[in-house]
Amino acid sequence: MNYYIVLILIAIIFIYHLFILILRMNSSKRPIPDNLKDIYSEVEYEKWAKYHKKSVSLEIIESIIKFIALFILFAFKVYAKFASLFNGELANQVLGVVLLSFATDFLIGIGFDYYKVMVLDKEYGLSVTKIGTFIADEVKDLVIGFGLTYGLILFIGYMHKLLGDWMILVVFAFMLVFVLVISLIVPTLMKIKYRCDDLEEGELRTRLLDLLHDNGYEVRKIGVINQSKRSTTGNALFTGMGKFKTIILFDTIIDQLSTDELVAVFSHEVGHGKHKDTIKNYLTNSISILLLILVSWLLINYNSLYTDFGFETVNYGFTFIILSEVILEIASPIRGIIGNKISRIAEYNADNFACSLGYGEALASALKKLSNSNMADLNPHPLIVLLKYSHPTMSDRLKNIYSHVLIKQEEKND
Ligand SMILES: [Zn+2]
């Protein structure tokens with residue numbers, strides 16, 4: 001019975017993914033909102049539409065192949081067969097399943113990654129990645145991903161063997177610390193893949209320090225990351241808990257934006273800090289982690305799930321596969337709707353904070369420039385926004401920002 005339920009669920013998940021991708025594919029047919037007409041020139045928009053079509057088509061092909069592979073792995077009980085090649089030790093049994101899962105994902109993904117980064121994005125001027133960097137990135141992602149996943153599953157497995165049901169508490173406490181530590185060492189983690197220099201002395205540095213200082217923060221470091229080695233897309237990060245913050249700028253964003261616009265982007269980030277969004281995020285994440293651990297515990301104790309797929313007894317690696325490929329995927333629309341709604345409200349509030357400091361117009365022009373260079377989709381389907389968008393659409397953000405700019409101007413005139 002479990003066998004058929006899982007297979008049917010995998011098929012439903014695939015159809016859902018396909019439906020989302022087809023909706024995304026069609027967004028170039030929808031009219032551009034009036035307030036975004038100046039983002040792309042006519043030639044650029046045509047170029048964007050072509051790029052969008054090709055990159056979504058690529059995702060559709062990839063999701064079809066992934067579905068077929070996953071379906072075969074489950075339908076022919078390959079996980080258990082592969083794990084039986086290893087000896088019966090807990091660590092080896094888990095290794096067999098996790099290895100098979102990572103190997104399939106890697107072998108399917110690498111070709112698509114290569115085509116996207118090294119061919120398609122290059123053709124459209126979004127990527128400048130050299131083959132050496134591409135290979136190094138792929139290897140680092142694989143090793144880190146595999147190491148973390150395998151380590152975590154083993155930890156949960158041994159805790160369950162040792163403590164039984166009490167493992168819920170221990171694993172939960174461990175995960176709370178783990179997530180906190182990861183968020184604190186983001187700048188260090190980025191050094192695995194990027195070179196990070198200190199921002200040189202000058203107007204930008206002084207104004208960023210002033211902005212943070214005026215709002216009660218201490219700056220630990222302003223780092224610049226060499227993203228230009230890989231692509232032309234820009235980004236900026238603002239990390240750290242409490243008063244102490246680390247700012248990380250991608251060098252691409254420094255090239256694209258004026259000093260005013262860069263300070264505006266960070267006044268938005270300061271807004272997140274002022275509204276305690278990092279702490280709120282941490283609390284919501286904690287609830288999701290607890291739910292995940294409870295579900296894992298239910299799965300671990302559901303013996304027929306393993307025997308139906310060819311295992312003799314519980315395999316913690318297979319628990320992880322069911323959790324990540326089936327349960328999380330089935331729950332993803334609900335998680336997406338709730339999580340993204342909360343996030344979009346926080347984004348509006350952070351924009352409003354930037355406006356209150358007088359950076360509304362500079363923020364709007366920064367967002368427009370970034371939409372252009374990131375080849376953003378200007379008019380996503382409302383259903384995609386509801387399910388997938390952690391930020392409001394560019395059109396909605398600009399409407400909101402300009403309404404605040406107007407209010408501020410009227411206040412001045414009075
Ligand atoms: Zn934000």
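## Close-up views of a predicted model

**View 1. S267 is buried, with a relative accessible area of 0%.** Buried here means under 20% relative accessible area, exposed means over 50%, and partly exposed lies in between, with a 1.4 Å probe and protein chains only. The model is predicted, so local features need pLDDT of at least 70 and side-chain atom pairs count only at pLDDT 80 or more, whereas totals for chains, interfaces and linings use all residues. Residues are numbered from 1 along each chain as its sequence is written, and side-chain values use heavy atoms, with hydrogens and water left out. S267 lies in helix α10, where helices (H or I, at least four residues) and strands (E, at least two) are DSSP runs numbered from the N terminus. Leaving aside neighbours within four places in sequence, S267 is in contact (heavy atoms within 4.5 Å) with L211, F353, A354, L357 and Y359. From C-alpha to C-alpha, S267 and D351 are 8.3 Å apart in space, although 84 residues separate them in sequence.

**View 2. The zinc ion is coordinated by H268 (NE2), H272 (NE2), E347 (OE) and E347 (OE).** These donors lie at 2.1 to 2.8 Å from the zinc ion; a donor is an N, O or S atom within 2.8 Å of the metal (3.2 Å for Na, K and Ca), and because water is not among the atoms, sites may look incomplete. The angles among the 4 donor atoms run from 51 to 137 degrees, and the site is classed as irregular. Under the rule applied, four donors count as tetrahedral if all angles lie between 85 and 135 degrees, four count as square planar and six as octahedral if opposite donors are over 155 degrees apart and all others between 65 and 115, and anything else is irregular. Along the sequence, the donor residues are spaced H-x3-H-x74-E. H268 lies in helix α10 (residues 259-274) and E347 in helix α13 (residues 316-356), so this pair ties together parts that are 79 residues apart in sequence. H268 is buried at a relative accessible area of 5%, and E347 is buried as well, at 7%.

**View 3. N400 sits in helix α16 (residues 394-413).** N400 is buried, with a relative accessible area of 16%. Apart from neighbours within four places in sequence, N400 is in contact with Y348, D351 and N352. The C-alpha atoms of N400 and A364 are separated by 9.9 Å, and the two residues are 36 residues apart along the chain.

View 4. V117 and V128 are 11 residues apart in sequence, and their C-alpha atoms are 8.4 Å apart in space. When neighbours within four places in sequence are left aside, V117 is in contact with K122, S127, T129 and F134.

**View 5. K276 and M375 each have a positive phi without being glycine.** Most residues other than glycine have a negative phi. The phi of K276 is about 55 degrees, and K276 lies in the loop between α10 and α11 (277-300). The phi of M375 is near 50 degrees, and M375 lies in the loop between α14 (360-373) and α15 (382-388). M375 counts as buried, at 12% relative accessibility.

**View 6. C196 and C355 are both buried cysteines.** The relative accessible area is 17% for C196 and 4% for C355. A search of the whole structure finds 0 disulfides, a disulfide being a pair of cysteine sulfur atoms within 2.5 Å.

View 7. Along the principal axes, the C-alpha atoms fill a box of roughly 75 × 45 × 40 Å. Of the 414 residues, 44% count as buried. Among contacts between residues at least 6 apart in sequence, 78% join residues at least 24 apart. The accessible surface comes to about 21300 Å², of which 65% belongs to carbon and sulfur atoms; accessible areas come from the Shrake-Rupley method with a 1.4 Å probe, and for residues only the protein chains shown count as cover.
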